[in-house]
Amino acid sequence: MSSQRYERNLADTFDADGSDSDEDNDGDDRQRLMRGSPSTSSAEQTTTESSSTTQPAPVIERRNTHLPAFVPPRPGGRVYGGGSGSDGVFANLSAKPERGVEKEEHPPTYEQAAADAAPPYWETTILAPGLGGPDEVYIEGLPVGSVFSFIWNAMISMAFQAVGFLLTYLLHTTHAAKNGSLAGLGITLIQFGFQMKTWGSAGPSAGGDPQYTQPPDPNSHDFDPNQAQAGTAGMDNSGSSGGIGDIAGSEWLAYLLMIAGWFILIRSVSNFLRVRRHEQLVLQSPDRGLTVPVIAEGEEAETVSSMAWRCSGKTNGELINNLFRNGLIESDRVRDAMLKVDRAHYTPHPSTAYQDSPQSIGHSATISAPHMHASAATSLLPFLHPGARVLDVGSGSGYLTALLAELVCCEGKKGRVVGLEHIKELRDLGEGNMSKSERGTCLMEQGSVKFVVGDGRKGFIDEEGEGECWDAIHVGAAAVELHQELIDQLRSPGRIFIPVEDERGNQHIWVVDKNEKGEVKKKKTYGVRYVPLTDAPTRSS
Ligand code: SAH
């Protein structure tokens with residue numbers, strides 16, 4: 001009932017029937033004023049509410065305004081200025097916004113809020129239909145603009161110098177105009193510099209000052225000032241002819257202007273090229289920049305997202321080869337293994353299977369981005385020899401479990417990979433996903449791969465493997481500490497790849513190595529974002 005009323009109120013507020021005529025609004029306002037008037041009785045209010053099941057909903061439910069300060073207890077007889085009972089100035093008080101009304105408004109549901117979420121902070125690129133056509137790209141809040149616009153603004157800024165620059169810069173509406181204007185300023189400064197330099201060295205001699213002594217080589221920057229100075233000894237410098245000191249000073253200024261000019265020019269051109277390149281990437285990307293790719297810190301969002309677009313593919317092969325080409329898969333062995341595991345078997349939506357981005361698999365878990373899987377496998381690679389034993393904590397979709405199996409079950413050797421999940425449904429999901437391929441089914445049937453339920457923080461004692469330790473342990477969720485059990489279950493030598501979250505909420509991959517002597521070395525590497533390694537959720541939650 002209350003949700004029905006809420007929906008009606010929303011519909012009314014946003015004029016669900018689509019009518020927006022003034023007449024309607026007038027009527028509405030009149031009704032509101034009427035309802036807001038102190039003379040409206042609470043009985044009337046109740047009726048409106050109770051009849052709302054059969055009649056069209058009231059526009060906005062309002063209660064009477066009760067302002068105790070203005071409703072003095074009525075003594076018998078006539079009251080002057082008698083509060084809500086009278087009209088006039090006190091009637092207007094009821095038009096004040098009322099707290100009671102606010103109470104009846106409900107906050108949006110989680111789904112509504114999520115649907116209206118602000119874009120991620122790094123997302124500064126939007127595609128908008130505008131003057132530039134339906135595919136105009138806005139980067140950092142500005143359309144990109146054309147090369148022509150860049151040149152045109154540079155020319156205006158250059159031709160009219162300071163005024164031209166100010167006009168074009170202040171009125172710019174595109175990156176092209178802004179950078180063109182700056183490029184114009186740069187050229188103007190370089191020109192000034194040149195003029196000052198030639199004027200500084202040629203000016204006085206052109207003036208034919210008889211007292212001016214030319215240095216041995218006027219074009220030389222390292223002439224001997226003492227020599228020149230000697231020639232000017234006893235010269236009267238009080239006139240405007242300018243001595244050698246003045247010439248040197250203006251030359252310095254000239255050089256400074258030229259350096260500043262070149263700097264501004266190069267910067268504006270490179271900025272413009274950067275936004276143009278960004279625009280091209282947005283237009284080329286199949287999802288038009290709408291994925292949520294950011295993974296590692298130290299990588300600019302822009303780099304990561306453009307990498308994601310460049311690396312995504314239409315097939316598994318395309319995805320993996322693109323990752324390899326762009327250096328996100330560094331090893332041939334990892335690439336070949338990834339080519340054997342079809343990511344579409346492990347993602348919930350086949351349409352997004354070949355994107356280089358993490359995707360939700362339910363139960364607050366995600367399948368990591370392929371470049372992250374590649375990075376984990378590459379890090380563990382020295383310990384993933386044929387026949388090795390590997391524990392995959394937080395196996396989730398099962399993708400990495402399958403990939404690790406491809407790396408250790410080869411060259412006729414039967415490796416062993418255990419996928420450990422604390423949510424049974426996800427354990428089953430991993431197993432189900434892997435059984436979608438003949439190879440996956442075969443690996444599980446021959447006992448090379450097994451999915452089990454358990455708390456990954458405690459590791460896993462593999463009874464079938466006679467309690468043997470692990471050559472490599474991969475942890476797919478962020479721990480708050482390096483769990484000793486995992487270190488204890490590691491072979492000598494062996495390696496753990498584990499994301500750990502610090503007290504400030506930052507996560508980093510830690511690589512923990514145990515050498516032949518059983519000595520343990522821990523190394524903190526790059527920043528990441530993983531779901532937490534936690535207690536299993538209770539059934540009711
Ligand atoms: N490698 C997986 C990552 C899944 S997300 C993939 O790419 O598909 C991390 C997983 O860790 C989740 O499935 C979550 O259920 C699991 N997890 C979190 N805490 C755990 C714990 N204490 N023990 C075992 N698994 C855990």
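Which residue in E12 is the bridge partner of Trp510? In the predicted model described here, local features require pLDDT of at least 70 and side-chain atom pairs count only at pLDDT 80 or more, whereas totals for chains, interfaces and linings use all residues. Residues are numbered from 1 along each chain as its sequence is written, and side-chain values use heavy atoms, with hydrogens and water left out.

The bridge partner of Trp510 in E12 is Lys524. Strand E11 (residues 507-514) pairs with E12 in the antiparallel sense, over seven bridges; two strands are taken to pair if DSSP finds at least two bridges between them. Strands (E, at least two residues) and helices (H or I, at least four residues) are DSSP runs, numbered from the N terminus. Lys514 stands opposite Val520 in E12. Five residues lie between the strands in the hairpin of E11 and E12, where Gly518 takes a positive phi near 85 degrees.

Both strands belong to an open sheet of seven strands with mixed pairing, in the order E8-E7-E6-E9-E10-E11-E12. Strand E8 (449-453) and strand E12 (520-528) each have a single partner strand and stand at the edges, so one side of each is left without a neighbour in the sheet. On average, neighbouring strands of this sheet are turned by 15 degrees against each other, direction ignored. Axes are lines fitted to C-alpha atoms, for helices over the stretch in contact, and angles run from 0 to 180 degrees between N-to-C directions.

Helix H15 (residues 370-380) packs on the sheet and touches strand E9 (470-475), strand E10 (490-501), E11 and E12, contact meaning heavy atoms within 4.5 Å. The direction of H15 makes about 150 degrees with that of E10. Helix H17 (residues 424-434) lies across strand E7 (416-421) and E8, and runs at about 165 degrees to E8.

Polar contacts are pairs of N or O atoms within 3.5 Å. A polar side-chain atom of His422 lies 3.3 Å from an oxygen atom of the ligand, and one of Asp455 lies 3.0 Å from a nitrogen atom of the ligand. A polar backbone atom of Thr534 is 2.7 Å from a nitrogen atom of the ligand. Taken alone, the ligand exposes 570 Å², of which the protein buries 98% (Shrake-Rupley method, 1.4 Å probe).

Terms used. A polar contact is a pair of N or O atoms within 3.5 Å; within protein, one must be able to donate a hydrogen and the other to accept it, and residues adjacent in sequence count only if both atoms are side-chain atoms.
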